[in-house]
Amino acid sequence: MPYIQIQKLSKLYKGQVVIDHISLCVNHGEFVVLVGPSGCGKTTTLKLLAGLIEPDSGSITIDGQNVTNLSAEKRDVVMVFQDNLLFPHITVAQNIGFGLKMKGVKEDKIKAKVQEMLSLIQLEGMEERYPDQLSGGQRQRVALARALALEPKVLLLDEPLSSLDPALRCDMRDFILEIHKTLDMTTICVTHDCEEALHMADKIAAMFEGSIVQYAVPQEIYYRPLSGKVAHLFGRYNILECPLFDGTLLQKCKVLTEAQALTCETVVYVRPESIWITKTPTKDALIGKVLRTIFIGEKRIVCFSYNDKELVAYSWGRQEYKAGDKLFFNIRWEDCLGKSGEEDENISGCAHI
Amino acid sequence: MRLNKIFSLTIFYLLITPFIVLILWSFTQTWPAGELLPSEFGFRGWRYILEPHSKVWHSLLVSLSLSGAVTLISLIISIPAGKAIAHYDFVGKSLVETLILAPIIVPPIAVGMGIHLSFIKYGLADSFLGVLLIHLTVTLPYSVRIFISVFKAAGTKWDEQGRTLKANWWARFRYITWYLIKPGLVTGSALVFNVSFSQYFLTFLIGGGKVITLPLILFPFINSGDRVIASSLSLIFILSSLFFMIIAEKCIEDNQRQSEFYYL
């Protein structure tokens, strides 16, 4: 039995379908990231889980209990919002203890819990400060502690890092993961940052227009996206027809357009790093012509043509490609064909739905 | 920097000059036309006010309790009303909004005339309660408007955060909303109090001379050109209004000045 089970959840807003029959299963202790473009319904899904809005149909079960019609105040779920929302008029300690106070926990117990939380988020001695005396990262940590103090069954994070500057974001990612592991939490996080999703998630659910299009572990969703939209979410890609004949891979290459991909049954989305390029011929290599290269730090993006179609690959190290150069490439099909095109039968990740 | 100083000084003098004139007038015995200063000073104005039969103190008391009550009731109604209109969708929302605003779109005099007839019918005319109600019709549009803006600006996210932290509706109001709307409370009560405190016509119409407020005492003196007494009364008027403001500010004090929210 999965810990969180969402079944055919739907939500209409002013007659428009915002969430369209979503099903999703999350096991205890998992870190699931919902990723998708803005307006795809990620935050709405989170609010449905938190109980802040009621679904029009479908059900949510948490730890065996049907919570579909349970209000947010009674649900064992806490949500951390995008811009921390620390109450500005009370101190850090009062903020962290807020939820416990609302639950009617005794003063001395609250105090002990607040201290425990402060040491967890490494902000001991800051209890008497007010939120505006903290830095952005500290505020986000306090917001996290405020949620965790309630020891919720499920922690919901709505773009928890988007208000932080990039350098801080990386630290906070590690920090959130560490806490997630330490406390053995079940966490669902929303983000539009694909790197963040890949970094943190045990499983990623890609959402588009109110539906979950793919739900899989990061490697799977990255290397074997089920559609161009999912592939696009995680960076550059090439669309190729899978050259699978009699169980053996032939080193052939047919480049497809997005439109062709929709009708082709054996389409694969190949990441640039799965195309191996060299200046000298290798076994079974195909020949392309460099169109342009772009330097982006640790690697170069090499765009080259093959049979008048454009492909993209990365060149690592110092090997320089110039426009017009000839290059040789091999496609590492094994990266993109782990399941040999066989689709996961149900996207929800639930065994028995 | 220098320009800034000149600017603020100008503003200061522009604000203070009318007061100086009022203070001078209130201590004047004779002030011949065309003179810069009064030729003779005296205490006629203040003597009138302090006289027991002048009714000034009684009317001041009526005014303060009337406007105080109007302010309190306005706030109590406007807070939930403002929240409902700002945050929720319900059937007939735009109609409710229009109706709330109606009394200040239509001239208050016309409203007062119409309501007067109904008030006579229900025995509300010539009574404190009647005057209180008619003041509310004028002040509510303003205060509801203020709270709609305050709640719109604050958004629903604070409420949602409160809910996920297991606060019930009263706890959310008491510990979260109250602090978010404090600036609105100060602005709202100042506006409502002053609109009610300086209301002349509607008090006169509905109160029918039975409910005597400070403006009712003040107007005849302005009308008849007795500037000395009018000025003294005006000063009392301004001072009591200021006094109320200070009390309101103290009651709703924002100790930490943490509220980043919107004086509207």
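In chain A, the mean positions of the 40 positive and 46 negative charges are 3 Å apart, where Lys and Arg count as positive and Asp and Glu as negative, with His and the chain ends not counted, and where the place of a charge is NZ of Lys, CZ of Arg, CG of Asp or CD of Glu. Chain B has 20 positive and 13 negative side chains, and 5 Å lie between the centres of these two sets.

The model is predicted, so that local features need pLDDT of at least 70 and side-chain atom pairs count only at pLDDT 80 or more, while totals for chains, interfaces and linings use all residues. Residues are numbered from 1 along each chain as its sequence is written, chains are lettered from A and ligands numbered from 1 in the order in which they are written, and side-chain values use heavy atoms, with hydrogens and water left out.

Chain A holds 10 helices and 20 strands, these being DSSP runs numbered from the N terminus (helices H or I of at least four residues, strands E of at least two). Along the principal axes, its C-alpha atoms fill a box of roughly 75 × 45 × 35 Å. Of the 353 residues in chain A, 54% are buried, which is to say under 20% relative accessible area, with exposed meaning over 50% and partly exposed in between (1.4 Å probe, protein chains only). Among contacts in chain A between residues at least 6 apart in sequence, 67% join residues at least 24 apart, a contact being heavy atoms within 4.5 Å. The accessible surface of this chain comes to about 16800 Å², with 49% of that belonging to carbon and sulfur atoms; such areas come from the Shrake-Rupley method with a 1.4 Å probe, and for residues only the protein chains shown count as cover.

One residue of chain A can be followed in detail. A:V33 lies in strand 3, which spans residues 31-35, and A:V33 counts as buried because its relative accessibility is 0%. Leaving aside residues up to four places away in sequence, A:V33 touches A:C189, A:T191, A:A197, A:A201, A:K203, A:I204 and A:A205.

Chain B has 11 helices and 2 strands, and its elements run α-β-β-α-α-α-α-α-α-α-α-α-α from the N terminus on. Its C-alpha atoms fill a box of roughly 70 × 65 × 30 Å along the principal axes, and 45% of its 264 residues are buried. The accessible surface of chain B is about 14400 Å², of which 71% belongs to carbon and sulfur atoms.

The domain assignment of chain B gives domain 1 (1-42) and domain 2 (54-263), the bounds coming from an automatic or database assignment. Taken over C-alpha atoms, the centres of domain 1 and domain 2 of chain B are separated by 31 Å, and 6 residues of domain 1 are in contact with 7 residues of domain 2. Between them the two domains of chain B bury about 640 Å², 79% of it on carbon and sulfur atoms, buried area being the accessible area (1.4 Å probe) that two parts lose on being put together, summed over both. On the side of domain 1, B:L22, B:W25 and B:S26 lose the most area to domain 2 of chain B, together 71% of what that side buries.

Helix 10 of chain B (residues 214-224) has B:L214, B:P215, B:L216, B:I217, B:L218 and B:F221 buried. The buried residues of this helix pack against helix 2 (44-50), helix 3 (56-87), helix 8 (169-197), helix 9 (201-207) and helix 11 (227-251) of chain B. Just after helix 10, B:G225 takes a positive phi of about 80°.
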